Every structure is written in structure tokens, then in C-alpha cells.
Amino acid sequence: MQQDEPDDHLVRAAAFSKADRDAVYRAIHTRRDVRDQFLPDPLPDDLVGRLLQAAHAAPSVGFMQPWNFLLVRDADRREAVWQAFARANDEAAEMFEGERRDSYRQLKLEGIRKAPLGICVTCDPDRGGPVILGRTHNPRMDSYSTVCAVQNLWLAARAEGVGVGWVSIYRADDLRQILGIPRRVEIIGWFCVGYVEQLFDAPELAVRGWRQRLPLDGLVFEERWQEEEGPAVGT
Ligand SMILES: Cc1cc2c(cc1C)N(C[C@H](O)[C@H](O)[C@H](O)COP(=O)(O)O)c1[nH]c(=O)[nH]c(=O)c1N2
């Protein structure tokens, strides 16, 4: 097949209009992790298709596109995933002491049963063969790539009036068994997806007093790493 000249593919890269820029930043700043605000209405296939296309447009190391998206609508299967969450969540609560444990117990940390669609996002480290451009010295780059896909989906969902909630409280082996995911494939996360009418105007964990957003100033260094003088950031 005849290849075009690469330069023929260069197109103008002007800044977006003010309105378009505002829309991008609005999606970024109003995106929320959703646990409880899901509506039961099923999501139309074309909408789900757009979210997946957004995810699939993500950058990936060596363009390996290591992701898969396992769509789970079946209520019984979602119930089994919830059971896996509930077991792990009990274990997680035990990691905190005293009042902190009580606060943890009061947090709602998933919408697995409420959201009409669950998406298990996975990363296949073998896609593209054993040697991947850009991954040789940094083997986790395939997982990072898949997380980029997740963020694309999350932002696109915000623009569509769809909420997404990331759930990472489960033993991976439980999800493997429920969903038939082979051992060599990494589970990146379970995502609760559904229409939402309301979203918090700040991270729910901040609203509920669990943890506040850090000042950006303390996270940006010039030229060289700076060790904290006082207690480490966030403690
Ligand atoms: C890798 C990873 C894993 C998880 C999360 C996020 C990410 C990036 N988050 C969501 C997290 O709590 C949330 O993003 C922050 O609290 C900030 O809130 P907003 O996303 O800005 O609403 C999350 N939330 C939750 O309720 N249960 C969970 O298991 C997880 N797991």
C-alpha cells in the first residue's frame, strides 16, 4: 500500500476559541468521582460508543493501545462485583483506627449496583509484542497509558452529563473470577457509569471532611527537587 508523505498529515494547530477553551476547562474542573448520584436510565449505545472512542483516542506508550473495556450491564454480575467490593471494603476499614475508621465507614465509595453500566478497564501487557517503544526501561508505562484512556472517558462523560465513579476496592482475583479476566491481563479499575442530574461542586471526600485539596504552590518545584522542611505535604 502506498504511504502518504508524513508531512502531508501536518495540520494547523491554532489555539481553540475562548468558548471551546472554556468548555475544555469546564469539563476538567467540574468532573467528579460519582458514587451515589446515578440515575437508573440505561445509556444509549451511541453515547457509550462516543465515550469509548474518547478513551481509545488516548496516548499510549509506543502506540500500543493496551486497553480493553469490559461492559457489564447484567445486574447479577454487578451484584457479584459489589460483593467483592464489600469484602475488600471491610478489610480496608480495618486499616484505619478510631474516629478515622468511623468516618471511613460512613463514606460511600462506590455505585456498583446503582449505576446501570459497569466498565472494567484492563491493560494487556502483551499487546504489540514483547518489546514496546518507550516501555523498555519503564515497564509500568502500559498501565499509565490505560489510565490516560480512563481520564479521556471520564472527561467525555462529564461533557455528556454522564457520571463516572472509579472503584479500586476489591481483590483483583475476585474480579478475574467474576469476569473471566486472564491472569496476565492487569485490571486497571471498575468504573460505575450512568446519567447524573447532580454533581458535587468539589471532591466529595473534601466536602465530607476526609481530605482537602492541597495548595498547588507546594507541589510545583523549579529546576530541582525540594525536600520538605516541615512535615511532608499532606500529613
Ligand atoms: C486510581 C484511583 C482510584 C480510585 C479513585 C480515583 C483514582 C484516580 N477514586 C476517586 C477519588 O476518591 C476521587 O477522584 C478524589 O476523591 C477526587 O475527587 P473528584 O474525582 O475530583 O471528584 C475512588 N473513589 C471511591 O469512592 N472509591 C474508590 O475505590 C476509588 N478509587
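**Group meeting: the ligand site and the helix packing**

Let's start at the ligand: one of its oxygen atoms lies 2.8 Å from a polar side-chain atom of Arg35. That is a polar contact, meaning a pair of N or O atoms within 3.5 Å.

A word on the source. This is a predicted model, where local features need pLDDT of at least 70 and side-chain atom pairs count only at pLDDT 80 or more, while totals for chains, interfaces and linings use all residues. Residues are numbered from 1 along each chain as its sequence is written, and side-chain values use heavy atoms, with hydrogens and water left out.

A polar backbone atom of Asp33 is 2.8 Å from an oxygen atom of the ligand. A polar backbone atom of Trp166 is 3.3 Å from a nitrogen atom of the ligand. On its own, the ligand has 620 Å² of accessible area, and the protein covers 73% of that. Those areas come from the Shrake-Rupley method with a 1.4 Å probe.

Who surrounds the ligand? The residues are Arg31, Arg32, Asp33, Arg35, Leu109, Trp166, Val167, Ser168, Ile169, Pro203 and Leu205. Each has a heavy atom within 4 Å of the ligand. By class, six are nonpolar, one is polar and four are charged. Here Asp, Glu, Lys and Arg count as charged; Ala, Val, Leu, Ile, Met, Phe, Trp, Tyr, Cys and Pro as nonpolar; the others, Gly among them, as polar.

Now the fold. The protein chain has seven helices and four strands. These are DSSP runs, numbered from the N terminus: helices are H or I with at least four residues, strands are E with at least two. Along the sequence, the pattern is α-α-β-α-α-β-α-β-α-β-α.

Next, two helix pairs. Helix 3 (residues 75-93) and helix 6 (residues 172-179) have axes that come within 10 Å and cross at roughly 170 degrees. Angles run from 0 to 180 degrees between N-to-C directions. So helix 3 and helix 6 are roughly antiparallel, a label for angles over 145 degrees.

Helix 2 (residues 45-56) and helix 5 (residues 141-159) pack at about 140 degrees, with axes 7 Å apart.

How values were computed. A polar contact is a pair of N or O atoms within 3.5 Å; within protein, one must be able to donate a hydrogen and the other to accept it, and residues adjacent in sequence count only if both atoms are side-chain atoms. Angles under 35 degrees count as roughly parallel, over 145 as roughly antiparallel, 65 to 115 as roughly perpendicular and the rest as oblique.
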